[in-house]
Amino acid sequence: MADILDGKETAASLEKVLRGRLEALRAKHYEPKLAIILAGSSKPSAMYASFMQKVAKGYGIESEIFRESEDITEEELGSLITDLSHDREITGILMMMPLPDGIDAEKMIALIDPDKDVDGLTDTNAGRLSAGKAGLFGCTPRAVMAILDHYGINPDGKKAVVIGRSNVIGKPVSLMLLKKNATVTICHSHTKDLKKIASDADILVAALGHAGAVTADMVKPGAVVIDVGINRVNGKTMGDVDFEAVSEIAGAITPVPGGVGSVTTTMVIENIITAGEKQAAKEMKD
């Protein structure tokens with residue numbers, strides 16, 4: 001039976017470190033503030049925005065939700081994002097997706113100050129990640145790396161296979177694993193012999209968005225399996241991995257729920273603190 005890589009345990013461990021960094025930031029008379037943009041009537045977005053505000057409050061971080069109607073224009077939303085990007089009191093900007101119909105999401109993302117982009121959505125931060133430079137990167141990919149780090153799983157020299165090539169998870173987590181000296185293969189819907197490639201992985205990251213798609217015959221005995229998927233099936237939350245079967249083969253596995261998702265919100269907080277540290281240093285120079 002595989003060891004369980006507990007996201008809640010990982011998040012609790014990170015919280016101690018983050019609170020210490022927050023204290024150091026406040027000692028420099030800098031108080032971080034999060035702006036959450038909630039445009040439209042998406043109930044999941046509204047729930048996540050409220051949850052994120054609650055998490056921020058738990059750290060003593062001030063936050064404000066900017067609620068905008070479904071009929072907001074692209075110009076109006078763009079103006080709000082620009083104002084928040086230039087507001088010196090705002091440390092981080094978190095924009096809920098999806099945006100209302102008729103609004104170009106890429107256009108709106110491009111207006112976010114990359115140094116306030118706590119979700120790591122901007123092209124600038126994507127470029128920084130690709131170039132191996134410091135920046136604010138996607139919270140879910142970083143949650144994957146945080147779990148590996150917490151449990152002492154070193155990707156150095158290991159074969160890592162990432163199933164999924166999205167800009168939000170697949171590509172960034174591949175680059176993060178590469179930076180840790182893993183030999184990385186990215187698989188997707190056009191990959192031939194997926195089963196064969198996946199079953200050769202020492203670290204297998206499933207981020208394809210299909211419940212139970214990764215089966216036991218795709219996993220090498222003793223492999224580390226990280227399940228990024230969150231799917232609702234018959235009222236139940238399931239990952240992309242057939243947990244029951246794969247946990248009999250793998251050496252270690254993340255559960256769903258209680259795995260990667262439990263660490264993602266902590267990574268948002270870390271990005272806010274990182275952004276605050278950079279802004280505080282800049283203000284001291286000015």
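Student: In this predicted model, which residues does Ile226 touch beyond its close sequence neighbours?

Tutor: Leaving out residues up to four places away in sequence, Ile226 touches Leu5, Val144, Leu148, Leu204, Val205, Ala206, Thr254 and Val260. Each of these counts as a contact because heavy atoms lie within 4.5 Å.

Student: What makes Ile226 stand out in the largest nonpolar core?

Tutor: That core has 47 residues, and Ile226 and Ile269 are those with the most contacts inside it. In soluble globular proteins, nonpolar side chains tend to be buried together.

Student: Why is Asn271 called buried?

Tutor: The cut-off for buried is under 20% relative accessible area. Asn271 has 2% relative accessibility, and therefore counts as buried. This residue lies in helix H10, which runs over residues 260–285. Apart from neighbours within four places in sequence, Asn271 is in contact with Val118, Leu136, Phe137, Cys139 and Arg142.

Student: How do you know that H6 is mostly covered?

Tutor: Of the 12 residues in H6, 10 are buried. Among them are Cys139 and Arg142, both of which are in contact with Asn271. Val144 and Leu148 are also buried in H6, and both are touched by Ile226.

Student: Against which elements do the buried residues of H6 pack?

Tutor: They pack against helix H1 (7–27), helix H7 (170–179), strand E8 (224–227) and H10.

Student: What is the span of H6, and what span is expected?

Tutor: From first C-alpha to last, H6 (residues 139–150) reaches 16 Å, close to the 16 Å expected at 1.5 Å a residue. After H6 comes Gly152, with a positive phi near 65°.

Technical notes:
Residues are numbered from 1 along each chain as its sequence is written. This is a predicted model: local features need pLDDT of at least 70, side-chain atom pairs count only at pLDDT 80 or more; totals for chains, interfaces and linings use all residues. Side-chain values use heavy atoms; hydrogens and water are left out. Helices (H or I, at least four residues) and strands (E, at least two) are DSSP runs, numbered from the N terminus. Buried means under 20% relative accessible area, exposed over 50%, partly exposed in between (1.4 Å probe, protein chains only). A nonpolar core is a set of buried Ala, Val, Leu, Ile, Met, Phe, Trp, Tyr and Cys residues joined through side-chain atoms within 4.5 Å. The expected span of a helix is 1.5 Å times one less than its number of residues.
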